Amino acid sequence: MIQFILNDEIIQTGLPSGTTLLDFIRYEKNLTGTKIGCREGDCGACTILVGDIQNNKLVYSNATSCLMAIGNAHLKHIVTIEGVNMAKQSLVQKSFSDFNATQCGFCTPGFVVSLTGACVSGNVQTAAEAIDSMNGNICRCTGYKSIQRAAVFIAENVKPNLNDLLQGAVDQEIIPQYFLTIESRLKKLRASIQPHPIQQNSALRLAGGTDLYVQQHERMVQEQPELMATQDALRFIRKDGNTCTLGAATTVSDMAASPIFKDHFRNLNAWIKLISSTPIRNMATIAGNFVNASPIGDLSVFFLALDAQLLISDGTSERILPLRSFYNGYKKLNWQPGEYIQSISFELPDPESNVNFEKVCKRTHLDIASVNSALHIHVKDGVILHCSISAGGVSPVPAYLSQSSKMLEGKPLTRLHVQEMLQTVQQEIAPISDARGSATYKRLLLQQLIMAHFNQIFPDLDVYEKY
Ligand SMILES: Cc1cc2nc3c(=O)[nH]c(=O)nc-3n(C[C@H](O)[C@H](O)[C@H](O)COP(=O)(O)OP(=O)(O)OC[C@H]3O[C@@H](n4cnc5c(N)ncnc54)[C@H](O)[C@@H]3O)c2cc1C
Ligand code: FES
Ligand code: FES
C-alpha cells in the first residue's frame, strides 16, 4: 500500500507503483491545475513540490510529476498548485498576476509551484536565485521578461525566516497554514510503516524515473518496479579518509549540495548547471545515469575520469567493479540479471590535482550533450604524475581514453605533449554521425573540449597556440 500526503489529504492507494503521479493527480484526484505538456520532463507544466524528511527535517524540492512514479511519493508530501491556494492569492500567485506574467496560463501553475518551492527552501535571497528556481519551466506565450519581473519582486519582498522556513513562508502568505502540520504527520506516517528490504533478483528497478519514463512510458505505468529511490540506505554521501562513497540513489542535487563535493570540486556549481534542470536533478540518481549507459551520460563521463568503483550486489553477495569495466558495448553492461548498484566510491582528488568537466550541446541548458569530457590531472614540478581523460558521444559507450591518458604520465606538461596526445585521442575514438552532429564534427568537438580542459586548468600553457 502506497501512503503519502497530497496537499492536505492522506492518500492510501493500491495502484501499480509505476503509475505516474501526474495521472494520479489529474485522473484519480481531478486536480487539473497540474498540466500535461511534453510528458518527458522538458516543459515543467506538470511541476509539483515533494516534501521529504531528511536529517529529521522537512525539506521541499520541485519535480516533474510526469516522470515520477506514485511509488516514489510513498511517505512524502506532494503539493500541487491547488495545495498552495488560500482564501486569497498567495504572494507568488499575486506577483504573477501583477506583473502580467501569464497569458494562456498553461505554464503558470508549474512556474508558480517552482517559485513557491524556492521560497519555502529559502532560495530567493537574490533575484538571480529566484529566476533560476524556474529553470525547468517553459512558457510558450508570455515571454520571459514579465515572469522574471515577478520573480525579482519575490526576491525583493520575501525575507526567508532562516530559523523556520515554513513558518516564515506561512507568515508571508506564500503557503497555507496546513503546511505547519505536515512534518509531524509525515514523521508519524513513517514511524508506522516498516521499511521494505531491497528485493533480490528484481527484473525491473526504478530510481528517479527520468530515463525509464521517457524511454518506456507505456510499460512503466503498468509495472510494480523495485523502488530504489525510496531506500534511505541507498541515499548518502560519506567520506572515509580520502574515499568518498555515494549511495546509488543519491541524486544530482544531493551531489551539488554536498559539502564534500563543494570542498573538492571548485567549479562544481557551473558543471551541475549543465546537467538537465533543477526538477530533473532533484529526481535523477547517479546509478540511474550509469545503468542507463547513454554514451553521453554526464555523470558516467565525470566519474570515469575519477576512476569510480561500483559496489554491485545480487542481494546475497557483493563485488567491486571499476566503472571503467562496466560497459561492454552499446547499452551492454558487465553484470548478471538481478544485480544492482549499491554504492559508488572514488578517491577524492589530491588538493594539488585538478578536475574539469566540459560539455557541448545544441543549446547550453536543459540539453543532453553532443560531446562531453572530463579530465583529472596531477602535475607536480612541471611533470604530469597522473592523467585521466574521459569522453562521451564519441563511441558506443561513455569512454575512458586509456591510451591518451597514459601517454602523458611522466612527461613534462608542455603544449607539444598535449598536442601529441590529441592525435592519439583521434585514434582512440569512433564517433558516428547522428542528429547531434557528424562524426567529423564530434572529432573536432572533443579536440576542442580537451584543449578547453587544459586552457581552464593551465591558462599559461597557451594550449590553443600552434607549436
Ligand atoms: C529533461 C531531461 C533532461 C536530461 N538531461 C540530462 C543531462 O543533461 N545529462 C545526463 O547525463 N542525463 C540527462 N538526462 C537523463 C537522466 O536524467 C539521467 O540519466 C539520470 O541520472 C537517470 O537517473 P534516474 O534515477 O532517473 O534513472 P531511472 O530512469 O530510474 O533508471 C535508469 C536505469 O537505471 C536502472 N537503475 C537505477 N538505479 C539502479 C541501481 N541502483 N541498480 C541497478 N539499476 C539501477 C534502472 O533500472 C534503469 O534501467 C535527462 C533526462 C530528462 C528527462
Ligand atoms: S509534462 Fe512536460 S515536464 Fe512533465
Ligand atoms: S502563459 Fe501560455 S504558455 Fe506560458
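How many bridges join strand S3 (residues 47-54) to S4? The structure is a predicted model, in which local features need pLDDT of at least 70 and side-chain atom pairs count only at pLDDT 80 or more, while totals for chains, interfaces and linings use all residues. Residues are numbered from 1 along each chain as its sequence is written, and chains are lettered from A and ligands numbered from 1 in the order in which they are written. Strand S3 and S4 are joined by eight bridges and run antiparallel. Helices (H or I, at least four residues) and strands (E, at least two) are DSSP runs, numbered from the N terminus. Two strands pair if DSSP finds at least two bridges between them. Strands of a sheet pair through backbone hydrogen bonds, either parallel or antiparallel.

The pair S3 and S4 belongs to an open sheet of five strands with the order S2-S1-S5-S3-S4 and mixed pairing. Strand S2 (9-13) and strand S4 (57-64) are at the edges with a single partner strand each, so one side of each has no neighbour in the sheet. Direction ignored, neighbouring strands of this sheet are turned by 30° against each other on average; for such angles, axes are lines fitted to C-alpha atoms, for helices over the stretch in contact, and angles run from 0 to 180 degrees between N-to-C directions. Threonine 47 has threonine 64 as its bridge partner in S4.

Asparagine 55 lies in the loop between S3 and S4. Its phi is near 50°, a positive value in a residue other than glycine. Most residues other than glycine have a negative phi. A residue is buried if 20 or more other C-beta atoms lie within 10 Å of its own, exposed if 12 or fewer, and partly exposed in between, with C-beta atoms placed from the backbone. Asparagine 55 has 5 C-beta neighbours inside 10 Å and therefore counts as exposed. Arginine 39, in the loop between helix H1 (21-28) and S3, also is a residue other than glycine with a positive phi, near 60°. Because arginine 39 has 18 C-beta neighbours inside 10 Å, it counts as partly exposed.

A further open sheet has five strands in the order S8-S9-S14-S10-S11, with antiparallel pairing. Its edges are strand S8 (237-240) and S11, each with a single partner strand, so one side of each is left without a neighbour in the sheet. From one strand to the next, the twist averages 25°. Strand S9 (residues 243-247) is joined to S14 by five bridges, and the two run antiparallel; leucine 246 has isoleucine 344 as its bridge partner in S14. Strand S10 (residues 309-313) is likewise joined to S11 by five bridges in the antiparallel sense, and glutamine 309 has proline 322 as its bridge partner in S11. S10 and S11 form a hairpin with four residues between them, and glycine 315 in the turn has a positive phi of about 100°. Of the five residues of strand S11 (residues 318-322), zero are buried, so the strand lies largely in the open.

Burial in other elements was also computed. Strand S15 (residues 353-361) is mostly covered, with seven of its nine residues buried. S15 pairs with strand S16 (residues 369-380) over nine bridges in the antiparallel sense, and phenylalanine 357 stands opposite alanine 374 in S16. In helix H4, 13 of the 13 residues are buried, so the helix is largely enclosed by the rest of the structure. Helix H4 (residues 108-120) reaches 18 Å from its first C-alpha to its last, close to the 18 Å expected at 1.5 Å a residue; the expected span is 1.5 Å times one less than the number of residues. Glycine 122, which follows H4, has a positive phi near 75°.

The domain assignment gives domain 1 (2-84 + 176-191), domain 2 (91-171), domain 3 (228-347) and domain 4 (357-461); such bounds come from an automatic or database assignment. The centres of domain 2 and domain 3, taken over C-alpha atoms, are separated by 32 Å. Ligand 1 is surrounded by 32 residues, and the closest are Gly41, Ala207, Gly208, Gly288 and Asn289; a residue is near a molecule if its C-beta atom, placed from the backbone, lies within 6 Å of it. Domain 1 and domain 3 each give at least three residues to this shell. The largest share, five residues, comes from H15.
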